[in-house]
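Could you walk me through this model, feature by feature? I would like to see how each term is read before it is applied.

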Amino acid sequence: MAVDAARTEEGFTSARATQVMSAACRDAGLDDGGAELIRLGENALFRLASAPVIVRVARGEEWLPKARVEVDVSRWLTQEGFPAAQIVEDLEQPSLIDGHPVTFWHLIVEGDRKATYGELGSILRDLHSLTVPDSLTLPSFEPFDKQQLRLDRAVIPDDDKAFLRKRWRELQDRYTELRFETPKGPVHGDAHVQNLMVDDQGRVILIDFEAFCYDHPEWDLMVTAVEHHSLGWQTDEQYADFVAAYGRDLYDWPGYETLRGIQEFGMTTWLMQNVQEDEETAAEYRRRIAGLRNDDAPRDWRPW
């Protein structure tokens, strides 16, 4: 049966994602009984109770190419001996269930601490030093690729949509003027500290390869730089550890303000997708859109 992609995307709630997860598990021969939804964002992540597996459900069929990249990147990094999340190899991946790409990942058993910003700087430095093989085809970084879909389908006031579309056009104009100083290479694409996990053996592991690409490393440095300089989410000491481990502070680069605008816009439209889930999410979206409307105002955004 054909699936309407727009309808599938619009109806991506926790309940919908659970239905897709259950169907995917049945197809894969896995028991979904007791599965726990651990995150709903660009994807829905479920932890199975019956096996040490994470099930990742994407919002719609448009995300299938990204799911394929995730699988290919995981295999490559594993071959490189790089500490990264690993797919379940004995399953055909990704699968497409009722218009939703689904992938299965080995559960990472967490230890008793979180990754540090120094560790984030170190793992990004190591990642950016790798050479992408000719056999791995990666896209370029696309800071605006999801924004049209998000804005078309968002359940937000019309004046918010109008403002966001205007800001989107302004950012695209500024983006065309960027001049990067570094060669292209492997880029994670969403390089915040929450995309690191420390397992029960103390190993720091990189996760979430949906935005992985071949581009300039500034896109990875952008995330923590904005979180610190604009949002104040790290202490000065934490950010200094990140900079020392990586070897560069993006704040000193002339293109930082453009990347700051792109990052904050993406953080807002990402959260915007789930405003119908609960009032807490809706309140944080309102906080972020208010911040975008006043570039010079302090940001009181909360990590999500």
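This is a predicted model: local features need pLDDT of at least 70, side-chain atom pairs count only at pLDDT 80 or more; totals for chains, interfaces and linings use all residues.

Q: Let's start with sulfur. How many disulfides does a search of the whole structure find?
A: A disulfide is a covalent bond between the sulfur atoms of two cysteines. The test used here is a pair of cysteine sulfur atoms within 2.5 Å, and the search of the whole structure finds 0.

Q: Is Cys25 buried or exposed?
A: Buried means under 20% relative accessible area, exposed means over 50%, and partly exposed lies in between (1.4 Å probe, protein chains only). Cys25 has 0% relative accessibility, so it counts as buried. Cys213 is also buried, at 1%.

Q: How many salt bridges does the rule give?
A: A salt bridge is a side-chain nitrogen of Lys or Arg within 4 Å of a carboxyl oxygen of Asp or Glu. By this rule there are 26 salt bridges. One of them joins the side chains of Asp159 and Arg293, with 4.0 Å from N to O. This pair links distant parts of the chain, 134 residues apart: Asp159 belongs to helix α6 (residues 158–175), while Arg293 sits in the segment after α10 (279–292). Helices (H or I, at least four residues) and strands (E, at least two) are DSSP runs, numbered from the N terminus. Arg293 is partly exposed, at 41%.

Q: Which residue forms a salt bridge with Lys166?
A: Its partner is Glu170, and the closest N and O atoms are 2.6 Å apart.

Q: How many residues does helix α7 have, and how many of them are buried?
A: The expected span of a helix is 1.5 Å times one less than its number of residues. Helix α7 (residues 218–229) has 12 residues and reaches 15 Å from its first C-alpha to its last, close to the 16 Å expected. Of its 12 residues, 11 are buried, so α7 is largely enclosed by the rest of the structure. The buried residues include Trp219, Asp220 and His228.

Q: What covers the buried residues of α7?
A: Contact means heavy atoms within 4.5 Å. The cover includes α4 (117–128), α6, β6 (185–187), β9 (213–215), α8 (236–246) and α9.

Q: Which residues touch the most other members of the largest nonpolar core?
A: A nonpolar core is a set of buried Ala, Val, Leu, Ile, Met, Phe, Trp, Tyr and Cys residues joined through side-chain atoms within 4.5 Å. The largest has 71 residues, and Leu77, Leu164, Phe209 and Phe212 touch the most other members. Its largest share, 8 residues, comes from α9. Apart from this core lies another of 20 residues, among them Leu40, Val57, Ile97 and Val102.

How values were computed:
Residues are numbered from 1 along each chain as its sequence is written. Side-chain values use heavy atoms; hydrogens and water are left out.
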